[in-house]
Amino acid sequence: MATDHHDTNTSGAGGAWRWAGVAAGGLVYLFLLLPVVVIFLSAFSPQAYPQFPPASFSLRWFRAFLDNSAWLRALQVSAWLLLIVTPLTTVLGTTAAYALARLDFRGRELLLSFVLSPLIIPQVVLGIALLYVLTAAGLAGSMAGLAIGHTLVALPYVVRTVSVSLSGMDRRLESASQNLGASQAYTFTHVTLPLIRPGIVAGAVFAAVTSFGEVSVSLFLTAPGTVTMPVRIFTYIDQTFDPVVNAVSAAFIVLAVVALVIIERTVGLTKAI
Amino acid sequence: MSRAAGGGSWFPWLLLTPGMVFLLFFLVAPGVLLMALSLRDVDGMLMLLPSYSLAHYASAFASAGYWVALGTTLWVAVLTALLCLLLAWPAAWLLVTTRSRAWRTVMYVILISPLLTSVVIRSFAWIVLLAQNGLVNDVLRKLGVIDAPLGLLWNMKAVIVAYVQVMLPFAVLPLATSLESIPPALPRASLSLGAGARHTFFHVLLPLTIPGMLSGAIIVFALAAGSYVTPLLIGGRLQPLLPINIYQQALQIANLPLAAALSLTLLVVTAAIAGLMSRWQKQWERRVHGH
Amino acid sequence: MSDIDIRAVAHRFGALQALDGVELAIGQGEFFSLLGPSGCGKTTLLNIIAGFIAPDSGSIAIGGRDITRLAPNQRDIGMVFQNYALFPHLTVFDNVAYGLRVRKHKPELVRQRVGEMLALVRLSELAQRMPHQLSGGQQQRVAIARALAIRPQVLLLDEPLSNLDAKLRKDMQAELRRLQRDVGITTVMVTHDQEEALSLSDRIGILGGGRLQQVGTPLALYRQPANRFVGEFVGQANLIAARPAGDGVFEAQSHRIAADAPLRLRADGGGGGDGGNADDGAASLFLLRPERIRLGPPDDGVSLVNAVRGTVREVSYAGAGLHLVVRLEGAGELIVAAPESLFARLPEPGLAVHLAWAPHDLVVLAAERSTAPGQPA
């Protein structure tokens with residue numbers, strides 16, 4: 001139980017160890033936080049490079065973003081993809097998670113690992129494989145191709161969060177519903193879905209955020225007309241240095257924190273990962 | 001889990017279909033086709049020929065460059081995993097033992113928000129930090145520690161530091177879960193038997209968190225072995241890493257079959273090592289828990 | 001000299017005063033139980049003795065040595081935890097050997113001592129098993145062997161048997177007592193089960209609200225409870241408040257023989273004692289154990305004091321004995337415990353009975369120990 005771990009006011013020299021541990025832990029968290037700090041410093045800095053300590057505050061890079069049509073086009077592409085990928089992935093993931101939770105056959109664990117495998121397969125491999133297949137189908141560089149790639153990468157996240165919700169749900173409610181005469185389909189839509197809504201919402205948020213930030217697979221699947229935000233950032237960093245990227249990054253991070261809050265409120269952070 | 005009587009379970013099977021169809025078309029099929037592609041020959045202009053052979057594998061394995069790339073990739077991935085485990089301990093310990101709910105939420109936000117940010121942005125942050133006129137050099141110069149800016153980017157050390165920072169949360173979270181599941185009576189029992197904090201850590205806490213550590217190690221290893229965006233941005237094109245080679249072969253040189261062969265090699269080796277670690281994890285669990 | 005000396009120990013958790021000025025001396029080789037309801041502070045006190053909690057004030061000494069400031073691993077104690085706390089990744093042998101290896105004993109000594117301990121708890125054949133392969137009772141015995149292997153000065157037990165089922169519990173209680181006598185080690189056990197405490201202990205300390213309500217042998221606690229708290233916690237009790245009515249006789253208001261006739265009591269020593277207030281006319285609280293009440297008409301044929309008539313309201317049968325709840329004709333109820341052999345047929349509710357008891361069966365209770373002495377109970 002978490003609270004028991006916190007009762008450590010023992011006698012003796014345990015205190016020294018505890019302070020060392022707190023210091024070490026704190027340093028690690030600062031290390032993790034470093035890039036975020038840097039990006040925010042840069043995003044709001046009037047200079048092209050960040051200053052520490054910050055000299056003044058400026059929104060010019062945000063304005064520059066809104067003035068630049070190339071960035072706005074990338075934003076549009078990313079937004080469209082998000083709108084397509086999120087519902088698609090959520091539906092596929094929810095149905096798959098439900099099925100895997102309710103069925104009982106010998107290869108079930110294996111099938112579950114298979115569904116979660118895109119998380120572990122090197123994304124460079126996923127990228128190439130999809131590139132080849134989509135080229136053969138004539139879809140390389142299209143929005144459809146990108147949507148497929150994003151869905152593939154985001155699917156495991158949805159399956160995971162929905163599975164967590166499913167395992168926390170009381171199955172007897174489904175039995176009760178069927179007992180009362182409802183069909184399995186009716187039970188699913190009217191009993192199960194509302195009960196696992198937190199997992200679905202968390203999964204949808206994960207899918208949206210993953211799609212919006214996806215780059216490793218997207219680099220293989222984009223064409224000049226379908227450049228997403230992260231892909232544009234990549235090519236930009238690669239070739240020039242545009243401080244607008246800082247502003248974009250800061251916005252991304254804010255989005256991530258907002259997404260986190262939503263996930264915490266629905267499924268709870270500790271269980272979603 | 002018993003099956004419901006009468007009616008059977010056709011409904012869950014029906015629900016399973018869309019996901020399975022999608023994965024069949026876009027995961028299985030591409031995988032199979034990739035294998036086929038890796039065996040196709042190419043002519044001098046890198047156009048596909050109708051014949052099949054192991055030419056690409058042969059040329060890859062005959063070339064020292066690719067062996068170096070594979071070896072470096074694996075070595076970097078293992079090193080990253082080890083460093084992540086090392087740093088994960090203080091972070092996970094702090095997360096589990098902090099009494100204040102507010103601080104724990106802060107720590108979770110710090111751990112999880114990077115996972116929701118694009119990897120290109122996380123890598124970019126390191127460029128801003130480590131560039132010649134970046135933050136680290138700026139601070140060091142202001143403090144008078146150095147006169148001229150240090151060249152901190154474009155080497156493998158920077159790549160590894162960036163890797164560790166990007167993948168650390170994946171090591172912290174499973175370790176924290178493992179730590180939390182240790183009954184608090186166990187370290188107390190160890191103390192009551194005369195063991196100090198160090199002995200308790202090495203003989204009780206560390207062994208019992210092996211499953212969590214292995215989980216984290218597997219994820220970090222797999223991610224690091226397959227990463228190319230981060231090392232490209234921070235280390236430059238010349239880093240001897242297999243994923244970078246694959247990216248270049250596929251998108252710049254357009255030798256898809258060679259890229260396919262290299263990908264499959266990477267995939268097989270990564271899967272083998274990850275599978276081995278997974279097996280250790282299962283063996284440990286069976287020894288300690290019986291299942 | 002006492003083996004464990006607890007002086008003026010106090011500790012609070014936030015707003016709650018968990019322990020308030022506890023003083024206790026436990027003798028060498030004694031089996032001492034800390035008994036009380038949940039939240040009374042007994043586990044806190046045990047943890048303070050063990051060193052897992054540093055008390056706000058007070059001191060602990062073992063064998064004359066002040067250990068209050070020592071870390072738990074420096075105290076030479078052996079502890080058995082409520083859920084056994086066996087190391088799941090070590091074999092039975094390695095678990096028992098743990099403390100010995102910490103002390104860097106030679107392997108031959110380790111092997112010999114572990115063998116001794118496992119033989120003591122009768123688990124020698126299971127030395128190579130893993131904890132998850134053992135039953136609850138077996139795990140408990142390994143935990144005891146592990147604690148004793150290091151030959152500590154003191155053995156601490158934190159509700160060691162509470163996770164076992166009833167039959168196993170009885171067996172383990174006997175085992176525990178045998179072990180403790182064989183080894184002769186000073187033992188402090190925390191339990192909320194008064195039967196367990198009564199049957200195992202040389203002495204018992206009853207904790208209530210962070211204070212020691214009474215310390216004594218099981219017999220003394222049962223027959224001479226110091227106050228209402230102890231009287232009610234240990235065994236069952238009939239509590240009767242009665243005012244002096246002259247001539248050593250007390251009259252109860254809550255219990256009445258008839259509507260206009262209060263129940264009249266006469267106790268040995270005239271009653272009053274150090275209970276209640278010194279003022280005349282103030283009530284004293286009497287305790288009467290259910291098994292002390294006899295069924296049948298009074299000896300002298302005249303039911304003036306220490307006797308009453310009533311009707312059986314409820315009967316509960318427990319094999320060896322019966323409990324009857326008897327409603328008195330006037331007002332109030334008394335619980336009566338009678339041996340099973342007394343009845344040819346089980347009494348039914350509605351049966352009219354005579355109840356009587358002797359003056360020496362009544363115990364006068366003092367007020368509970370609260371912060372201001374002399375406060376009413």
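1. Basis of the model. This is a predicted model, in which local features need pLDDT of at least 70, side-chain atom pairs count only at pLDDT 80 or more, and totals for chains, interfaces and linings use all residues. Residues are numbered from 1 along each chain as its sequence is written, while chains are lettered from A and ligands numbered from 1 in the order in which they are written.

2. Strands β14 and β20 of chain C. Strand β14 (residues 284-288) of chain C pairs with β20(C) in the antiparallel sense over four bridges; two strands pair if DSSP finds at least two bridges between them. Helices (H or I, at least four residues) and strands (E, at least two) are DSSP runs, numbered from the N terminus. Strand β20 (residues 362-365) of chain C is covered on both faces: C:L362 and C:V364 on one side, and C:V363 and C:L365 on the other, are all buried. A residue is buried if 20 or more other C-beta atoms lie within 10 Å of its own, exposed if 12 or fewer, and partly exposed in between, with C-beta atoms placed from the backbone.

3. The five-stranded sheet of chain C. β14 and β20 belong to an open sheet with the order β13-β12-β11-β14-β20 (chain C) and antiparallel pairing. Its edge strands, each pairing on one side only, are β13 (261-265) and β20 of chain C. From one strand to the next the twist averages 50°; axes are lines fitted to C-alpha atoms, for helices over the stretch in contact, and angles run from 0 to 180 degrees between N-to-C directions. Within this sheet, strand β11 (residues 238-244) of chain C and strand β12 (residues 250-258) of chain C pair in the antiparallel sense over three bridges. C:P244 stands opposite C:F250 in β12(C).

4. The six-stranded sheet of chain C. A further open sheet has the order β6-β7-β8-β3-β9-β10 (chain C), and its pairing is mixed. β6 (77-80) and β10 (211-216) of chain C are the edge strands, each pairing on one side only. Neighbouring strands of this sheet are turned by 20° against each other on average, direction ignored. Helix α4 (residues 136-149) of chain C packs on the sheet and touches β6 and β7 of chain C; the direction of α4 makes about 175° with that of β6(C). Strand β7 (residues 154-158) of chain C and strand β8 (residues 186-191) of chain C pair in the parallel sense over five bridges, and C:L157 stands opposite C:M189 in β8(C).

5. Chain C as a whole. Chain C has eight helices and 20 strands, and its C-alpha trace spans about 80 × 50 × 35 Å along its principal axes. Of the 377 residues in chain C, 42% are buried. Among contacts in chain C between residues at least 6 apart in sequence, 64% join residues at least 24 apart; a contact requires C-beta atoms, placed from the backbone, within 7 Å.

6. Domains of chain C. The domain assignment gives domain 1 (4-232) and domain 2 (236-365); such bounds come from an automatic or database domain assignment. The centres of the two domains of chain C, taken over C-alpha atoms, are separated by 39 Å. Six residues of domain 1 of chain C are in contact with six residues of domain 2 of chain C. The side of domain 1 of chain C that touches domain 2 of chain C has one nonpolar, three polar and two charged residues. Here Ala, Val, Leu, Ile, Met, Phe, Trp, Tyr, Cys and Pro count as nonpolar, Asp, Glu, Lys and Arg as charged, and the others, Gly among them, as polar.

7. Domains of chain A. Chain A is divided into domain 1 (17-58) and domain 2 (68-272), with C-alpha centres 30 Å apart. Six residues of domain 1 of chain A are in contact with six residues of domain 2 of chain A. On the domain 1 side, the touching residues divide into five nonpolar, one polar and no charged.

8. Chain B against chain A. In this interface, 79 residues of chain B are in contact with 71 residues of chain A. Helix α1 (residues 10-38) of chain B gives the most to the chain B side, with 17 residues. By class, that side has 61 nonpolar, 13 polar and five charged residues.

9. Local points in chain B. Of the 17 residues of α10(B), 16 are buried. B:S51, found in strand β2 (residues 48-52) of chain B, counts as exposed because it has 10 C-beta neighbours inside 10 Å.

Key: Two residues are in contact if their C-beta atoms, placed from the backbone, lie within 7 Å.
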